[in-house]
Amino acid sequence: MRFVRDYLIPRLVQYVLVIFFGITAVFLIPRFTGQDPVLEIIAQIQTQGGSLDPIAVRKLTETLQELYGLRGTLWEQYVNMWRRVFHLDFGPSLFQFPTPVSELLRIYLPWTIGLFATSTLLAWLLGNVLGGIAGYFSSQSWSKILDAVIMVIRPVPHYIFGVLLLILFAYVWALFPAGGLMLGRRTVVDLRFVMIILRYSFLPALTLVVLGGAGWFQQMKLLVQNVRREDFVQYAQAGGVKERVIISRYVMRNAMLPQITQLALVLGQVFSGVLMVEMVFSYPGMGLLLYRAVTRGDYNLVMGIAILSIFTITTAVLLLDLLYPLLDPRIRHR
Amino acid sequence: MEALRELFRDYRFAVGFVFLVLLAALAFLSFFSPYDPVRWLQVPRDEPPSWKHILGTNAKGQDVFWEATFAIRNSLVVALIAGLVSRVVAVLVGFLAGYKGGVVDRVLMGVADGLLVIPLFLILVLVAMLLREAMTIVNTGLLLAFFGWAWDARTIRAQILSLREREFTQTSLLSGNSTLSLVSKEYVPFTIPLIFSTLISNIAWAIGMEIVLAILGLVRLEIPTLGTMLQWAITRQAMLLGHWWWIATPLALTVILLVALYWLSVSVSEYLDPRMRIQRIGAR
Amino acid sequence: MDAIITVENLQAFYVLEVMGERKVIKAVNGVDFAVLRDEVYGIAGESGCGKTTLLKAIFAALEPPLRIFEGKVYYYPNGERVDAFSLAGEARRKLRWTYISYIPQGSMSVFNPVKRLRITFLDFLKSHVGGKREEELLTLAREHLVRLGLTPQVLNGYPHQLSGGMRQRVAIALATLLKPRVILADEPTTALDVVAQRAVLQLLRDVQKEFRSTIIVVTHDMGIHAQITDRMAIMYAGRIVEEGLTKDIFARPLHPYTRYLIQSLPKVGDKNTKESAPGSPPSLLYLPPGCSFHPRCSEVMEHCVQEIPPLKKINESHWVACWMREG
Amino acid sequence: MTVILETKGVSKVFSLGSWLSRVHLVAVDRVSLQIRQAEIFTLAGESGCGKTTTARMILGFELPTTGEIFYRGKRIDEFRDRKAWFQEVQAVFQNPFETFNPLRKVESYFFETVFNYHLRKDVKAAQALIEEKLQAVGLSFQDVAGKYPAEFSGGQLQRASIARALLTNPSLLVADEPVSMVDASLRMSIVNLFRTLRDSFGVSVVYITHDLATAYYVSDRIAIMFRGNIVEMGGVEEVLGAPKHPYTKLLLESIPEPDPERRQEKAMVFLEEREEYLRRGCKFAGRCPEKEEICSREAPQEVMVGGVFVRCHKHAR
């Protein structure tokens, strides 16, 4: 089938290549910046007052190198790293020694995925529906007012917007907690638990939905204003086709397609936004984990987060790419 | 010149421009600051805004207003370095991929797509983490530049691709122009406005990124930037202490700066899109 | 003879504001004519003569910056006279496709690209035919295609799967779906090569025979007019300069412009040198005084520069706007 | 008469699709033709018949997949560089408003041509040369100086485009649908220019069009192309006056004749382009009224019938 050869296989190849090069980059960067994390840690221990004798230093160095996968030639290290990636073994975390990194990731990842998936989907749907309607009726005053408000919200970065919401709704009016949800090992899923999660996730989700939605809104509005001028829309209008049908089946349906492609392209940026928002609100996800890992110099953990994120995002992009032909017949039937 | 006059008819351009000029003036004021931006305890600590210190002072004993002038200057410098350097890369890659096509195009765009799909933020953090001590203003700018070209290279390539298909490309070749003069005479005039509008958006992105790196403590924290001012205020629990001027100053300045830049870029890119221009003419 | 569309002293201008300056493009500048039941009426003229604007006005599709300054367009559904510009909303929507319909210039992009053609046909049908099930409507569409000699299988495909010529013919089928009394065709053959052109002409002829519809064909191609129209008008710079039976116009063109158009047409088997009209068509923004054609006319007189010639009746069916034909 | 340009078995294969899956489309299939000094040679056919691709290969904008092109006995890829080649061969395009960059003054193309080819040394001499060529097409330097393309009419621009092409005194001018976007009332003035070029300057013109009426009017010889093949080629009076290939007949019948007394009434069959390109045997067999059994089996060979080249089984015997 031509569709498989022309569309599917190239996407799969791209998927594998991006993961391969991405993870290779993550492997190479620390080795090319000339910094030795092991030396740094030993220096850290020494400055914190512990005086170590040379033998102890050597033993510690070896242990740490083993842990970080820094032994052997570059090639051996590289092969070793791939072996570890396939076993999901990123060594122990430093700041929660000796908890393995993979264990931490397993606890925190679902929270991030949950926030990421729901807020991205919600933002995309809301932004596109509102933007589409506002674009079709762009000469009406409510559309212009909405657009003006969004013109102010849209350029604010995630971090700043999060801090603003935090100040307003956690300090000025203490409606929501300022973060700090702790993760227990075992939780009973009941109504109370769900309410707690909702309370803690509301502000982070709001930040992501409002900012993300604002972006989709503006793009969709532009797209619809252009699609509205396309011949097939004007022709349907000329032919007396009902306006409701024109908006949904002609305008929105066509303007939506570039928005899906766009979503695939910006998913990485959206994910970065999620991480930043998690930091602001101390939401127990990969972002918070990243913040702690970075501030405490936990290389293993940062590497683990980076590798897992590359997997997550490229997989999400692949899924979107696979979904796209279902909506665009020009790809399906060539 | 005519283009500029036309742009000023758009209120968004006018407002964005005025605010940007005001902020640039603030940044320029830093050259006349009575205080050293790095030294501590030059003024009384923790004072609320007053006539003497119009935006109060901080716990390090620095005047917040004068610190802010340095912060804007440094943030703008970081963003300009990032924006300009990444423009050079984006233009080179975009022109090369668009004009050469074939294998060159596929390889370059493969790299760009890869950079777009990977959550760059994490790679950026990883590099910054390793370079921490070296993250001066210039280096921060260069690091951001290294990661900020992919999207715009794609946009520029798309434009070159469509220009290459137009007949005047052939006329130019028939007129005896070499590839270099073809590109510079025929294509550059078309891409300049596009490069300008992507420059503005890239500058905004770099300002936001610098703030996040600062929050993570991944830049030299003693150098005042919008990011380090905010980082400092947050780690010192400005909100709990009720010292709102510590945090409000960098927040307000960042928001104004980014909104102004965004309005400029929206206005310019609408001006560039002839379809939108006709719409505006027709609406009046 | 019954009129099916009448246009009275129509003036339709584009009003633009460029850099704070008001510019008026006089696209249709005082046009009068009547199109009769069961005829094919042609409007000829080159790019920028206002013929597409005239069609828009006849179809009552007016969007800024296009504005009607004066004049009326009348429709005659069920024998009553209706002012086309006074129609609004539901009333206008209902007349479209049942009384007046429209074949677009390029069929390249007139179909919804992401829906099968079946859906597009159904959308148009559902909006005008009430009280029928989807299956019945689909049968209607299929029968219509068969009647026009097209295969009903095209309904199962997407627009991008058809070639240009085929797409144009499907567009004609869509425009005639509800057997409208009047069909406006805007450059229906431009951008098609000769073989596809011929197919479109064949189909238009079939439509006319089958449904007894009136067709208004607008094109710059005099060959198309010769092939299909019964009567025709020549437009120049926003005005009609000559109107008559097609065979009369080709046999005895009266206006100097028409003469240039017809005499400069090459024919296979004829190698004699043919000359174009000198100069170029005027900009609708800055029309010359008097007769708009006078700067290019070889028979220009003093009077031509001063006053615009009115459309004068020469005989029962032939009209011309030229001072040479005075008296 | 001297042959100035000759193509020998030139083909162009386009591969469509991505790098994992290639569909090969033979857009131009073993085309051999000769263009003589001071003649107007027409390449005619429907859209997608390969005529524009052939022209682009002659100009060197596209490399043939197989086959060779000779200019006065020299292979065109043996020219020193692009510039040396364009000194001999120039081109005029379909859309006059796209021929010149809308952001640049039209005159700059004239000066660039003069100085890039070292035709004159200083601005004054250059201007005199430009004036001479503009006069030849019925314009003057005054009409062009300081203006951008948007300030011209289509007809003027097309003349300017021809004048620019004449600067290097080329022996061959390739004109791709040069009048299809020019106002109807101005067409003949452009077409007549080609006659003048041939008669007064000895320039050969390759005229590409789907309009057989102007082709008959202006050209000396004609080649009819169909789906990548030349199906009939010869003197224009012979080919169009007494067509031998059924496709030429079909094209001639399809011209909308500007005569209300002679209307086409005969119905005919239509086929989709893609189908025909991938067809075995004679590509025209699908809609040929004179089709025989052999036509869908075997591709016809070219034969000469009374000085006219024909690719049809009917004439092969």
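A salt bridge is a side-chain nitrogen of Lys or Arg within 4 Å of a carboxyl oxygen of Asp or Glu. Side chains of opposite charge can pair when their charged atoms come close. Keep that in mind for this network: B:Lys185, B:Glu186, D:Arg104 and D:Glu112 are linked by salt bridges.

Some ground rules. This is a predicted model, where local features need pLDDT of at least 70, side-chain atom pairs count only at pLDDT 80 or more, and totals for chains, interfaces and linings use all residues. Residues are numbered from 1 along each chain as its sequence is written, chains are lettered from A and ligands numbered from 1 in the order in which they are written, and side-chain values use heavy atoms, with hydrogens and water left out.

Back to charges. How many salt bridges does a search of the whole structure find over all chains? The search finds 44. Here are some of them.

Start in chain C. C:Lys51 pairs with C:Glu187, with the closest N and O atoms 3.3 Å apart. This pair links distant parts of the chain, 136 residues apart. C:Lys51 sits in helix H1 (residues 51–58) of chain C. C:Glu187 sits in the loop between strand S7 (182–186) and H6 of chain C. Helices (H or I, at least four residues) and strands (E, at least two) are DSSP runs, numbered from the N terminus. Are these two residues buried or exposed? Both C:Lys51 and C:Glu187 are buried. Buried means under 20% relative accessible area, exposed over 50%, and partly exposed in between (1.4 Å probe, protein chains only).

Also in chain C, C:Arg252 bridges to C:Asp248, with closest N and O atoms 3.2 Å apart. C:Asp248 counts as buried because its relative accessibility is 13%.

Now chain D. The side chains of D:Glu46 and D:Arg287 meet in a salt bridge (3.2 Å, N to O). This pair also links distant parts of its chain, 241 residues apart. D:Glu46 is in the loop between strand S3 (40–44) and helix H1 (51–59) of chain D. D:Arg287 is in the loop between helix H12 (273–277) and strand S11 (302–305) of chain D. Both residues are buried.

Next, where chains C and D meet. The contact (heavy atoms within 4.5 Å) takes 47 residues from chain C and 45 residues from chain D. The buried area is about 3,900 Å², and carbon and sulfur atoms give 54% of that. Buried area is the accessible area (1.4 Å probe) that two parts lose on being put together, summed over both.

Which side chains form the one salt bridge between chain C and chain D? They are D:Glu253 and C:Arg198, at 3.6 Å, N to O. On the side of chain C that touches chain D, helix H6 (194–211) is among the helices that each supply at least two residues. H6(C) gives the largest share, seven residues.

Over to chain B. Helix H8 (residues 167–174) of chain B has eight of its eight residues buried, so it is largely enclosed by the rest of the structure. Among them are B:Phe168, B:Leu173 and B:Leu174. Just after H8(B), B:Gly176 takes a positive phi of about 90 degrees.

B:Leu240 lies in helix H11 (residues 238–241) of chain B. B:Leu240 counts as exposed because its relative accessibility is 60%.

That's my tour. Thanks.
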